Amino acid sequence: MAQHLVFVGLGFGGLYTLRQLLGSLPDDSHITAIDARERFVFTPLLYEYLVGELEPDVVAPPFETLLPDDRVDLVQAEVVDLDVRARWVQLDDGRVIDFDTLVVAPGSVAAFHGVPGVQEHAIPFYTFDDAERLQTTLRVKRWAEGDQPVCVVGGGVVGIELAFALAEFLGRREAGGAHPRIVVLEAMGQILRGFSESMRRMTRRKLDEQGIEVRTSIRVLEVDGEGVVFENGGRQRFDVAAVAWTAGIQPNPLLSRFPAERHGRHGIRVERTLQLPGYPYVFVLGDAISYPGRAVGAPLPDTAQAAFQQSEVAAKNILTWIENGLPREAYTYGHLGDFLRISRTEAVADIRSVVLDGAAASIARRAAYLFRLPDWAIRTSAIRQWLR
Ligand SMILES: Cc1cc2nc3c(=O)[nH]c(=O)nc-3n(C[C@H](O)[C@H](O)[C@H](O)COP(=O)(O)OP(=O)(O)OC[C@H]3O[C@@H](n4cnc5c(N)ncnc54)[C@H](O)[C@@H]3O)c2cc1C
């Protein structure tokens, strides 16, 4: 029977599922692929785009080049509502699209935790547009030096990688005389929670070597046009040239439209086959899900690594669902490792408890990401750009 599949969100979960499915779907299938943006973003390489090491064709290729299939109707729009019982999704332009099978992977959104002024004055680092905005701001404020630091709020992996990238972007090591200051503010007692102790130690050493300041147990109370107000025994403030905001993510608001169990700040519960309980024709993956097949337990990490793994299971199960209504593959998360970029030539890596740093870690990181880029044309471009 002819099938209409609708994909909402074309990131690591949605796009990779769709690309794997395309070769196997029955010829009479029709696909509507919806994303609010025009580009896929390979977020682990967004720092390389910021510092000018990789170009947009690698880090953020347009969807139209990634989905050149007559059966795919690509729609750039935001899905604002959906009804899984009645089988429709509604777009921000009012259009309503019906589906037989729905695949939802809308990712997360930046969390501002209600801190006044963040949305107006800080720049999140989540999307390609954010990276461009940060680049532009820093170019304009290239004078950011001395007592006017560039501040990164959030000492998780994104905040720390961004701090290293900012040091590179602002030419910290080349600049003679006054150097731009980069300060990371972290609310918890330590940075890089969830990373191994040895990886954290190595990263701290690299931060010290580069003169990047890290202040822990600092709660940001407010951001304004000139600075950051924070709590440190009392209310204090300091002037900054720019504030980058990486202090967490939260589930995509679209998840509130699902008749599904939610888990705190995490996503919704799905079956191990990635189907929505009670709605076997709805598949959900990526950051949008929490504990496949379980009501409680450690939530899945919100990572591209997890979404990428789920896309393989989702593609197989969608196909068997369409063919015979019996998805068989159960998803289990397997942690492959952690990487943290320091510079063009250096990284820190923890691959199955083997911790590396320097050039070896940088090569391992590039290799891991290279094979996860969407296709060979993009991989070839990445190699060329890395070698120039
Ligand atoms: C700077 C940065 C670096 C990262 N580095 C790493 C890393 O090194 N390793 C790692 O494993 N993970 C990393 N992550 C996390 C990783 O990016 C996410 O976990 C991953 O992208 C989640 O995949 P997803 O498919 O759920 O969502 P996404 O990849 O975010 O895709 C969601 C898509 O849905 C679209 N969308 C959202 N809402 C709607 C809507 N209502 N209507 C239509 N479209 C919508 C969005 O435009 C987007 O294209 C990083 C994240 C960031 C921000």
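These legends describe close-up views of one predicted model, from the whole chain down to single residues.

**About the model.** Residue numbers start from 1 along each chain, following the sequence as written. The model is predicted, so local features need pLDDT of at least 70 and side-chain atom pairs count only at pLDDT 80 or more, while totals for chains, interfaces and linings use all residues.

View 1. The protein chain has 11 helices and 22 strands. Helices (H or I, at least four residues) and strands (E, at least two) are DSSP runs, numbered from the N terminus. The radius of gyration is 22 Å, close to the 21 Å that the globule rule gives for 388 residues, so the chain is as compact as a globular protein of that length. That radius is taken over C-alpha atoms, and the globule rule is 2.2 Å times the number of residues to the power 0.38. Along the principal axes, the C-alpha atoms fill a box of roughly 70 × 45 × 40 Å. Of the 388 residues, 44% are buried. A residue is buried if 20 or more other C-beta atoms lie within 10 Å of its own, exposed if 12 or fewer, and partly exposed in between; the C-beta atoms are placed from the backbone. Among contacts with a separation of 6 or more, 65% join residues 24 or more positions apart. Two residues are in contact if their C-beta atoms, placed from the backbone, lie within 7 Å.

**View 2. The two domains.** The chain is divided into domain 1 (4–36 + 77–110 + 250–324) and domain 2 (118–247 + 338–383). These bounds come from an automatic or database domain assignment. The domain centres, taken over C-alpha atoms, are 31 Å apart.

**View 3. The shell around the ligand.** The ligand is surrounded by 32 residues, and the closest are Gly9, Gly11, Gly13, Gly107 and Gly286. A residue is near a molecule or strand if its C-beta atom, placed from the backbone, lies within 6 Å of it. Strand β2 (30–35) and helix α9 (304–324) each supply at least two shell residues. The largest share, three residues, comes from α9. By type, the shell has 17 nonpolar, 10 polar and five charged residues. Ala, Val, Leu, Ile, Met, Phe, Trp, Tyr, Cys and Pro count as nonpolar; Asp, Glu, Lys and Arg count as charged; the others, Gly among them, are polar. Domain 1 and domain 2 both give residues to this shell, so it lies between them.

**View 4. The largest nonpolar core.** This core holds 118 residues, and Phe7, Ala163, Val243 and Val284 touch the most other members. Helix α7 (residues 157–169) gives the most to the core, with 10 residues. A nonpolar core is a set of buried Ala, Val, Leu, Ile, Met, Phe, Trp, Tyr and Cys residues joined through C-beta atoms within 7 Å. Beyond its neighbours within four places in sequence, Val284 is in contact with Val104, Ile268, Val270, Leu274, Leu276 and Ile289.

**View 5. Helix α1 and its packing.** Helix α1 covers residues 14–22. Its buried residues are Gly14, Leu15, Tyr16, Thr17, Leu18 and Leu21. They pack against β1 (4–8), β2, α4 (63–66), β7 (101–104) and α9.

**View 6. Proline 280 in strand β19.** Proline 280 sits in β19 (residues 279–284). It counts as partly exposed, with 16 C-beta neighbours inside 10 Å. Leaving aside neighbours within four places in sequence, proline 280 is in contact with Gln275 and Trp321. Threonine 101 is 179 residues away in sequence, but the two C-alpha atoms are 8.7 Å apart in space.

**View 7. Valine 183 in strand β11.** Valine 183 is found in β11. It is partly exposed, with 18 other C-beta atoms within 10 Å. Phenylalanine 7 is 176 residues away along the chain, and 40 Å separate the two C-alpha atoms.

**View 8. Two loop residues with positive phi.** Most residues other than glycine have a negative phi. Leucine 192 has a positive phi, near 55°. Its place is the loop between β11 (182–185) and α8 (197–209). With 21 C-beta neighbours inside 10 Å, leucine 192 counts as buried. Arginine 352 also has a positive phi, near 50°. Its place is the loop between β21 (347–351) and β22 (354–357). Arginine 352 counts as exposed, with 7 C-beta neighbours inside 10 Å.
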